[in-house]
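I want to see who pairs with whom.

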Amino acid sequence: MIRINQLKLNIHHTDKELEEKIIKTLRIKPSDLKTYYIIKRSLDARDKQDIKYSYTIQVELANESQVISKAAKL
């Protein structure tokens, strides 16, 4: 499993937008995403005009070892 910290989204986002943000952050194909679990969700209200949710997500991938090795090269 891979953990993503501080994944920020608008407070009016959809589940689909959350999935798209995970895919974009990990630079994977949509078919590689098996499932994800929300570990923590908190509000980031430092900017009162732009309030966001900040997530910590645990992600399970189909080809996790490839993603990890690709990230290690960066």
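My entries on the salt bridges follow.

Entry 1. I'm working from a predicted model. I looked up the total first, and the count comes to four salt bridges.

Entry 2. Which residue does lysine 8 form a salt bridge with? I found aspartate 44, with the closest N and O atoms 2.8 Å apart. This pair links distant parts of the chain: lysine 8 sits in strand E1 (residues 2-10) and aspartate 44 in strand E2 (residues 33-44), 36 residues apart.

Entry 3. Aspartate 44 is buried, because its relative accessible area of 15% is under the 20% cut-off. Lysine 8 comes out partly exposed at 29%.

Entry 4. Aspartate 44 turned up again, this time in a salt bridge with arginine 46, and here the closest N and O atoms are 2.8 Å apart. Arginine 46 has 69% relative accessibility, so I put it down as exposed. I therefore noted the cut-off for exposed, which is over 50%. Lys8, Asp44 and Arg46 are linked in a network of salt bridges.

Entry 5. Next I looked at glutamate 60, which forms a salt bridge with lysine 34; their closest N and O atoms are 3.9 Å apart. Glutamate 60 lies in strand E3 (residues 52-61) and lysine 34 in strand E2, so this pair ties together parts that are 26 residues apart in sequence.

Entry 6. How accessible are the two partners? Lysine 34 is exposed, with a relative accessible area of 54%, while glutamate 60 is partly exposed at 26%.

How values were computed:
Residues numbered from 1 in each chain as written. Predicted model: local features only at pLDDT ≥ 70, side-chain atom pairs only at ≥ 80, totals over all residues. Heavy atoms only, no water. Salt bridge = Lys/Arg side-chain N within 4 Å of Asp/Glu carboxyl O. Helix = DSSP H or I, 4+ residues; strand = E, 2+ residues; numbered from the N terminus. Buried < 20%, exposed > 50% of the residue type's maximum accessible area, 1.4 Å probe, protein only.
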